[in-house]
Amino acid sequence: MSSPSIKLYRLRGIFVVYFVLKSVVGAVVATLVLKPFQSGDFGRFGWRGLPSGSLLFFSLTVAAVILIIAWRIFGQLLLRKNWARVLLLVVAWLTVLSAVFSLLASAQIGNLSSWAAHWLPDLDWQKLMSFDRVQKVFELLFWGYLISVLQFDSVVRDEFFPHPPAGDAGN
């Protein structure tokens, strides 16, 4: 296997681990955070009477569908399809920009907990903000790594463009 192939397979493996961990932890946190509302005010929106694991199941099902789609896109990336590389780079840059702005904004938001506590007093907003910050840091790490491999690693980037045949070099 060539060095670009190893890097692309490693990138796919890291994505799977990152996405599975992010999805499971996010689904568990969402279930724990929203559990108090299941029997409270949100009952009028159809949440009352749902089993406690239904939100967890739904979240993980959606994550599994997204993982299957991403697996197929990474498969096309391994086949050196440039559209898959460009698509992943667009997603990566948007995610990195979103994470940076979110982290900058969360550092400036001091009154969110008091404002949000008025609407949803049962939530621990400081813990949620801390969880969101940790999640954004991991987004920056993974998607930044993806950008460095697919956009700035010239050996990998060159794999996605056709090479002229050896006999046509003089023409």
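**Panel A. The lining of the largest pocket is made of 15 nonpolar, five polar and two charged residues.** Here Ala, Val, Leu, Ile, Met, Phe, Trp, Tyr, Cys and Pro count as nonpolar, Asp, Glu, Lys and Arg as charged, and the others, Gly among them, as polar. Do keep in mind that this is a predicted model, in which local features need pLDDT of at least 70 and side-chain atom pairs count only at pLDDT 80 or more, while totals for chains, interfaces and linings use all residues. Residues are numbered from 1 along each chain as its sequence is written, and side-chain values use heavy atoms, with hydrogens and water left out. The largest pocket holds about 370 Å³ of space. Phe-15, Phe-19, Lys-22, Ser-23 and Ile-66 are the closest to its centre among the 22 residues that line it. H1, H2, H3 and H5 each give two or more residues to this lining, and H1 supplies the largest share, eight residues. A pocket is an open set of points on a 1 Å grid over the protein atoms alone where a 1.4 Å probe fits, with protein on both sides within 12 Å along at least five of seven lines; lining residues have an atom within 4 Å of a point. Points are joined across faces, edges and corners, and the volume is the space filled by probe spheres set on them.

**Panel B. The second largest pocket holds about 300 Å³ of space.** Its lining has 14 residues, and Tyr-18, Leu-21, Lys-22, Val-134 and Phe-138 lie nearest the centre. The elements that give two or more residues to this lining are H1 and H5. By residue type, the lining of the second largest pocket splits into 11 nonpolar, two polar and one charged.

**Panel C. Six helices and zero strands make up the elements of the protein chain.** From the N terminus on, they run α-α-α-α-α-α; helices (H or I, at least four residues) and strands (E, at least two) are DSSP runs, numbered from the N terminus. Of the 171 residues in the chain, 27% are buried, where buried means under 20% relative accessible area, exposed over 50% and partly exposed in between, with a 1.4 Å probe and protein chains only. Among contacts (heavy atoms within 4.5 Å) between residues at least 6 apart in sequence, 78% join residues at least 24 apart.

**Panel D. The largest nonpolar core has 24 residues.** Leu-11, Phe-15, Leu-77, Trp-143, Leu-146 and Leu-150 have the most contacts inside it. Two or more core residues come from each of helix H1 (3–34), helix H2 (54–78), helix H3 (82–108) and helix H5 (125–152). A nonpolar core is a set of buried Ala, Val, Leu, Ile, Met, Phe, Trp, Tyr and Cys residues joined through side-chain atoms within 4.5 Å. Zooming in on Leu-11, its partners are Phe-74, Leu-77, Phe-142, Tyr-145, Leu-146, Val-149 and Leu-150, leaving aside residues up to four places away in sequence.

**Panel E. Phe-15, Tyr-18, Phe-19, Phe-74, Phe-142 and Trp-143 are linked by ring pairs into a cluster.** The count comes to seven aromatic pairs, with rings of Phe, Tyr and Trp (its six-membered ring) paired if their centres lie within 6.5 Å; planes under 30 degrees apart are stacked, over 60 edge-to-face and the rest tilted. The pair of Tyr-18 and Phe-142 is stacked, at 4.9 Å centre to centre with 15° between the planes. Tyr-18 lies in helix H1 and Phe-142 in helix H5, so this pair ties together parts that are 124 residues apart in sequence. Tyr-18 counts as buried at 12% relative accessibility, as does Phe-142 at 4%. Phe-142 also pairs edge-to-face with Trp-143, at 4.9 Å centre to centre and 75° between the planes. Trp-143 is buried too, with a relative accessible area of 8%.

**Panel F. Phe-131 lies in helix H5.** At 25% relative accessibility, Phe-131 is partly exposed. It touches Val-25, Gly-26 and Val-29, not counting residues up to four places away in sequence. The C-alpha atoms of Phe-131 and Val-25 are separated by 9.9 Å, and the two residues are 106 residues apart along the chain.

**Panel G. Arg-80 sits in the loop between H2 and H3.** Its phi is near 65°, a positive value in a residue other than glycine. With a relative accessible area of 19%, Arg-80 is buried.
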